Amino acid sequence: WVLLDTGHQEYREVKYQRELLGAVPGARVYRQLQAQKKWCELGKIDYTIMTDEVIRANPVFLSNWKFILSNLASTQSIDLSSHIENVVSILNKSGRGTLREIEVSLPTAEQCLIRASIFTLIHRGRLKAALDEEPLNASTQIDIVS
């Protein structure tokens, strides 16, 4: 279940492709997916089935998200709220910037906390980056989601 800062909800079921190939009416997997889909329809929640083939289709995207989630896990006990506000303030003025430009704009903050703040905002759907196109680095362009 995914809940974005915008309030948008989505339910994502992850299955191996081979499980779906054998999902005939009456099979456990088939019944499970149909029940989830119906539950989402009743709750007006978007429903997506993600397979291992889809997830692994873009190794750059997967690698970038592994890096982001690892970073978020290591900073989860830190209150980033003031850093998040600073990042949003900078991007509200310029509309966009690279990781490096944002970090340079906040010289008194630790780089790891600025990156964690940016990654938190990407994870929440408030910022976006072309994570599916190139490895995450200091030159990665960050944009505000409109």
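1. K44 is exposed, with a relative accessible area of 77%; here buried means under 20% relative accessible area, exposed over 50%, and partly exposed in between, for a 1.4 Å probe and protein chains only. Although K44 is not a glycine, its phi is positive, at about 55 degrees. The residue is placed in the loop between α2 and β3 (46–51). Helices (H or I, at least four residues) and strands (E, at least two) are DSSP runs, numbered from the N terminus.

2. On the basis of the note: this is a predicted model, in which local features need pLDDT of at least 70 and side-chain atom pairs count only at pLDDT 80 or more, while totals for chains, interfaces and linings use all residues. Residues are numbered from 1 along each chain as its sequence is written, and side-chain values use heavy atoms, with hydrogens and water left out.

3. The aromatic pairs deserve a point of their own. A pair of aromatic rings is described by the distance of the centres and the angle of the planes. The structure holds four aromatic pairs; rings of Phe, Tyr and Trp (its six-membered ring) pair if their centres lie within 6.5 Å, and planes under 30 degrees apart count as stacked, over 60 as edge-to-face and the rest as tilted. One of the pairs joins Y11 and W39, whose ring centres are 6.4 Å apart and whose planes stand at 65 degrees, so this pair is edge-to-face. It links distant parts of the chain, with Y11 in strand β2 (residues 9–15) and W39 in helix α2 (residues 28–43), 28 residues apart. Y11 is partly exposed at a relative accessible area of 22%, whereas W39 is exposed at 51%. Together with Y47, the residues Y11 and W39 form one aromatic cluster.

4. Another pair is that of F67 and F119: the ring centres are 5.9 Å apart and the planes lie at 80 degrees, so the arrangement is edge-to-face. This pair also links distant parts of the chain, F67 being in helix α4 (residues 59–74) and F119 in helix α7, 52 residues apart. F67 counts as partly exposed at 44% relative accessibility, while F119 counts as buried at 0%.

5. Helix α7 (residues 111–123) also packs against helix α5 (residues 81–94): the two axes come within 9 Å and cross at roughly 75 degrees. Axes are lines fitted to C-alpha atoms, for helices over the stretch in contact, and angles run from 0 to 180 degrees between N-to-C directions. The helices α5 and α7 are therefore roughly perpendicular to each other; angles under 35 degrees count as roughly parallel, over 145 as roughly antiparallel, 65 to 115 as roughly perpendicular and the rest as oblique. On the α5 side the contact is made by H83, I84, V87 and V88, and on the α7 side by L113, I114, S117, I118, T120 and L121, where contact means heavy atoms within 4.5 Å. These residues divide into seven nonpolar, three polar and no charged; Ala, Val, Leu, Ile, Met, Phe, Trp, Tyr, Cys and Pro count as nonpolar, Asp, Glu, Lys and Arg as charged, and the others, Gly among them, as polar.

6. Q36, in helix α2, is buried, with a relative accessible area of 13%. Not counting residues up to four places away in sequence, Q36 touches Y11, E13 and Y47.

7. T51, found in strand β3, is buried at a relative accessible area of 5%, and it touches K15, Q17 and L20, not counting residues up to four places away in sequence. T98 is in strand β4 (residues 96–98) and is buried at 12%. Leaving aside neighbours within four places in sequence, T98 is in contact with A138, S139, T140 and Q141.

8. D132 is placed in the loop between β5 (127–128) and β6 (141–144) and counts as partly exposed at 40% relative accessibility. Residues up to four places away in sequence not being counted, D132 touches N58, V60 and F61. From D132 to S63 the distance is 9.3 Å, C-alpha to C-alpha, and the two are 69 residues apart in sequence.
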